[in-house]
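Morning, everyone. I have one structure to go through today, so please bring it up on your screens.

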Amino acid sequence: MIFREVEDRDLIAKARQGDVEAYNLLVSRWEKRIFNYLLRLVSNREDALDISQETFLKAYQNLRKLDDPARFSAWLFRIAHNEAFSLLRRRKPESELSEPRPRDFGGRMLPMELSLAVESALNVLSEDQREAVLLKVYQGFKFDEMAEILEIPVSTVKSRLYTALDLLKATLAPAVFRKDAGGAL
Amino acid sequence: MSCKLGDGRPDLKSYALGELDSRGRQDAENHVAACADCQDELGALRVTLDAMATLREEELPRRIAFVSDKVFEPRWYQKLFLRPSFAAAMVIAAAILVHAFVRPVSLPNATAQMDTRAIEARVAAEVTARVQKEMDLTVTVAVARAVASTEERAAQRTALLLSAADKRYSEDADFLNKQVTRIYALNTGAGVR
């Protein structure tokens, strides 16, 4: 991780001087994480890809405003967050019409079914809660980094995340236990 | 949950998410080992997180890449400013210019006049001292030359006088010798014809 940060810093320095290839290398390192974060957040592959491109374009245009290159990941996710919520706000009316409900996978679940159950459970969360889970569980950010990305206090980060975990636990744990019980038969 | 610690129980979610420091982790583990309710709670959290880990990352439908675009490339002066040495030099130059413009340009008149008079007085004194010194030197040299010339002339005159006196003395002595010889010859009658 330290080596990666050092190399990222080098690439950022080169990209700041107009080296597009250095920036492309930087993009290739982060595009999968950004895309998956956005995909879980907006639940649409094309939207996630469009926002990913927009995120990296804005990052390139504003790279010289990045004060501390060591904070590049949090800064990049902050841009992605802004872009995603900009889209979510635009399409809010239509999404409000169809409230997602957790799917009942009752009985024994295959790994694929478990993944679908997780997806379904994530979609039940509010956008704020889901984003907290994505940043913590799937992207591995610390509470203080999440607070920086979301521009909220650490206490709010914990509150959103803990509520989301309680909801996920209530949905997933029984299903998993049923799966284990089914698997034991 | 009926943990006997109630609100004082360890933060099991932070523990499960790896946010506790070493002491917090130790406290949580010690408590969970002795509390059946918290064991259940932690077990359910771990099952939930394990289930979430089954959700795999997806590949991008297509790669994101940028081509060189002159619009976003820094201009030549921006590139110059991106060089630390040039930027530092420009900052120093700017600081000098700013200082030149904002520093108090007009000193108090009294001080300026006082300084001018002092400088003039020093210059005058220096000039006077130098002129005096030159004059002293010239006079000394002239006097020395005059003395030397006088002494030389006196020495020549003395030499001439001495020479004339010596000649005259020789002539007188020769005349006297001749007179003495003649008188002696007259008195003795010898050799005088």
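Which pattern does chain B follow, read along the sequence? It is α-α-α-α-α-α. That is six helices and zero strands, where helices are DSSP runs of H or I with at least four residues, strands are runs of E with at least two, and numbering starts from the N terminus.

Some bookkeeping before the rest. This is a predicted model, in which local features need pLDDT of at least 70 and side-chain atom pairs count only at pLDDT 80 or more, while totals for chains, interfaces and linings use all residues. Residues are numbered from 1 along each chain as its sequence is written, chains are lettered from A and ligands numbered from 1 in the order in which they are written, and side-chain values use heavy atoms, with hydrogens and water left out.

Now chain A. From the N terminus on, its elements run α-α-α-α-α-α-α-α-α, that is, nine helices and zero strands.

Next, burial, meaning under 20% relative accessible area with a 1.4 Å probe, protein chains only. Chain A has 185 residues, and 48% of them count as buried. Chain B has 193 residues, of which 16% count as buried.

On to the interface. The contact, defined as heavy atoms within 4.5 Å, takes 49 residues from chain A and 34 residues from chain B. Between them about 3,900 Å² is buried, 63% of it given by carbon and sulfur atoms; this is the accessible area (1.4 Å probe) lost on putting the two parts together, summed over both. B:Met52, B:Leu55 and B:Phe66 supply 19% of what chain B buries against chain A, more than any other three residues.

How many salt bridges are there between chain B and chain A? Seven, counting a side-chain nitrogen of Lys or Arg within 4 Å of a carboxyl oxygen of Asp or Glu. One of these pairs B:Glu41 with A:Lys169, with the closest N and O atoms 3.0 Å apart.

Helix H1 (12–16), helix H3 (36–53) and helix H4 (76–82) of chain B each supply at least two residues of the side that touches chain A. The largest share, eight residues, comes from H3(B).

Technical notes. Buried means under 20% relative accessible area, exposed over 50%, partly exposed in between (1.4 Å probe, protein chains only).
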